[in-house]
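Please look over the model shown here.

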Amino acid sequence: MPLSGDLLRLADAVLFPGFTGHTPPDWLRRRLGEGLAGVALFSRNIADPAQVARLTAALRAENPSVLVGIDEESGEVTRLEVATGSSRPGGYALGVVDDVALTEALARDLGGDLAAAGITLDFAPSADVNSNPDNPVIGLRAFGADPALVSRHTRAFVRGLQSAGVAACAKHFPGHGDTSVDSHHGVPVVADDGIEAALLPFRGAIKEGVKAVMTGHLLVPSYDAELPATLSPKVLTGLLREELGFEGMIITDGIEMAAVSGAYGIGGASARAIAAGADAICVGGERADEATAAGIRDAIATAVTQGLLPEERLADAARRVRELASWAASSGSQAARDGSVGLAAARRAIRITRRSTAPVLPLASAATVVELAPEMNLAIDRNTPWGVGQPLARLLPGTVVTRLAVGDSTGPTLERLLGEATGRPLVIVVRDVHRHAWQEQALRHLLSARPDAVVVEMGLPERSDLGAVHIATYGSARVCGQAAAEVLTGRV
C-alpha cells in the first residue's frame with residue numbers, strides 16, 4: 001500500500017540527515033521544500049565560516065525554519081575549525097580550570113561564531129561524567145570525572161551557548177562516561193551503581209533550560225535490560241520525560257551507529273527511537289546519501305501504518321521540533337565574540353610537574369620533537385591538526401618535528417631520532433599514553449636514553465611522573481599546543 005504524502009511529510013519533519021559537499025545537493029533542496037526538519041553538518045560540509053554562512057543561507061532559502069545542527073564541542077571535536085584545529089580547548093581543560101564564568105564566556109564566544117555562520121543547534125556540551133579513564137570515546141570531551149563538577153560546567157556551557165541564540169544539546173543521555181565500549185561499534189553498558197552520578201549533569205542541564213538532549217546508544221540495565229537508551233521507552237519517556245521532567249527536543253545520536261542499527265537496520269532503529277520518545281533522528285556521520293534519508297522517512301511512515309509507531313507520537317515529535325525551530329528563529333541575539341578567551345583558557349589549564357632540579361625549561365635552543373599519534377575515535381575528525389611541534393617551531397626556528405603512528409615507532413626508528421636529537425632538547429608528545437601500549441613502549445625507549453626529555457601529554461594524563469618535566473595540556477586543540485609551546489619557551 002502506497003504511503004500518503006501527509007504521512008511522509010510528517011516523517012520528514014523529524015529528520016536531520018547529513019549530506020556531502022559545500023553546497024546543498026538537489027535532493028536536499030527538494031526535501032527541505034517538502035518540510036524536512038533540519039540537517040546535520042559535518043567536516044565534509046565546511047571550508048571556512050564564510051562558506052558555511054552561504055550554505056546555511058541556501059538551506060533557509062528552501063525552508064526558512066530549518067534547524068541546522070553541528071557537532072561543535074570545541075577542543076578535539078570541532079567541525080567549524082576542522083582545518084586549523086580549535087581556537088578553544090575542550091571540556092576537560094575547562095573542568096581543570098574550574099571557573100564556571102570562564103566556561104560560560106567560552107561557550108558564549110563559540111555560540112557567536114555558530115550564530116554568525118547560520119547554525120542554530122549545537123550538539124554540545126558533552127554532559128558525560130568520564131569516570132572510566134579507559135573510556136575510548138568520551139575522555140577529554142567531558143568536563144571531568146566528578147559529577148558535581150561536570151554538572152556545574154554543563155550548566156555554564158548551556159547558559160553561554162543559548163545566550164548567543166544557539167540551542168544547546170546535552171549529550172549522551174543518560175551518560176556515556178562510565179563505559180569501555182565505543183557505541184559506534186558496539187553496545188556500551190552503564191553499571192547500575194553509576195547511573196545516579198551519570199544523571200546529575202543532565203538534571204542540571206534541564207534545570208538550566210537546555211533546549212535539546214541527545215540520546216546515547218547505551219544499555220542501562222537498571223532501567224531497561226534489553227533495549228539501548230535510544231530505543232527504550234523506559235529510558236526516554238519514563239526517565240527523561242516523566243522522572244526528569246524534560247520538555248524540549250530529544251534527538252538521537254547517529255542512528256547508523258552499530259549499537260542501534262545493528263539489530264534493526266537504520267530505518268527500523270529510527271522508527272523505534274521515535275516510538276520510544278525521541279523527537280528527531282540524526283543521521284549522516286557515516287551514511288550521507290539520499291537513499292539513506294529516504295529510507296528512514298519511509299521506514300518511519302511504514303511503522304505508523306503497521307501499528308509499531310502511533311501517529312500521535314510522531315505528530316508530537318514533529319511538534320517539539322517545530323517549537324525548537326521557532327525558538328531558534330526568534331532568539332536572534334548574536335553575542336559579541338572574543339577571540340582571546342580560548343587561548344586564555346588553554347593557558348590556565350596547563351599543569352606542570354618538574355622532576356629534575358636541572359634547568360630543563362625554558363628550552364635554550366631549537367628542539368627535536370617526537371609526536372606519538374594514536375588513531376582517534378570516529379567522533380574526532382582524523383584530519384584535525386594537533387600537536388606541539390608546529391607552534392614550538394614558530395617560537396624556536398630550527399625545531400625538527402617527527403610524528404609517529406602505531407607501527408612506525410620501531411627500535412631502529414627511535415634510535416635514529418635519538419641520534420638526531422644529540423645535543424638538542426628532546427620533547428616527546430603523547431596522547432592518552434595510558435590507553436596505548438605502543439606509546440608507552442616508545443616513550444619508555446626514548447626516556448631510557450634521554451631522561452632529560454620533556455613529556456607533553458595532550459590527552460588524559462594518568463601519570464605525571466614521566467620525563468624531567470611533564471606538561472599536561474588536557475586537550476589537543478590548536479590553542480592547547482600553543483599554550484604548551486609557550487611554557488616550553490618560557491613565554492608565559
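## Helix α10

The model is predicted. Helix α10 spans residues 290-305, 16 residues in total. From first C-alpha to last it reaches 23 Å, close to the 22 Å expected at 1.5 Å a residue.

Both ends have a feature to note. After the helix comes G307, with a positive phi near 85°.

## What buries α10

The buried residues of α10 are T292, A293, A294, I296, R297, I300, A301, A303 and V304. An α-helix has 3.6 residues a turn, so residues three or four places apart point the same way.

## The six-stranded sheet

Six strands form an open sheet with mixed pairing, in the order β9-β14-β13-β12-β10-β11. β9 (351-354) and β11 (400-405) stand at the edges. Each has a single partner strand, so one side of each lacks a neighbour in the sheet. From one strand to the next, the twist averages 15°.

Inside this order, β10 (residues 368-373) and β12 (residues 426-430) run parallel, joined by four bridges. V369 has V427 of β12 as its bridge partner.

## A helix on the sheet

Helix α15 (residues 437-449) packs on the sheet. It touches β10, β11, β12 and β13 (454-457). The direction of α15 makes about 160° with that of β10.

How values were computed: Residues are numbered from 1 along each chain as its sequence is written. This is a predicted model: local features need pLDDT of at least 70, side-chain atom pairs count only at pLDDT 80 or more; totals for chains, interfaces and linings use all residues. Side-chain values use heavy atoms; hydrogens and water are left out. Helices (H or I, at least four residues) and strands (E, at least two) are DSSP runs, numbered from the N terminus. The expected span of a helix is 1.5 Å times one less than its number of residues. Buried means under 20% relative accessible area, exposed over 50%, partly exposed in between (1.4 Å probe, protein chains only). Two strands pair if DSSP finds at least two bridges between them. Axes are lines fitted to C-alpha atoms, for helices over the stretch in contact, and angles run from 0 to 180 degrees between N-to-C directions. Contact means heavy atoms within 4.5 Å.
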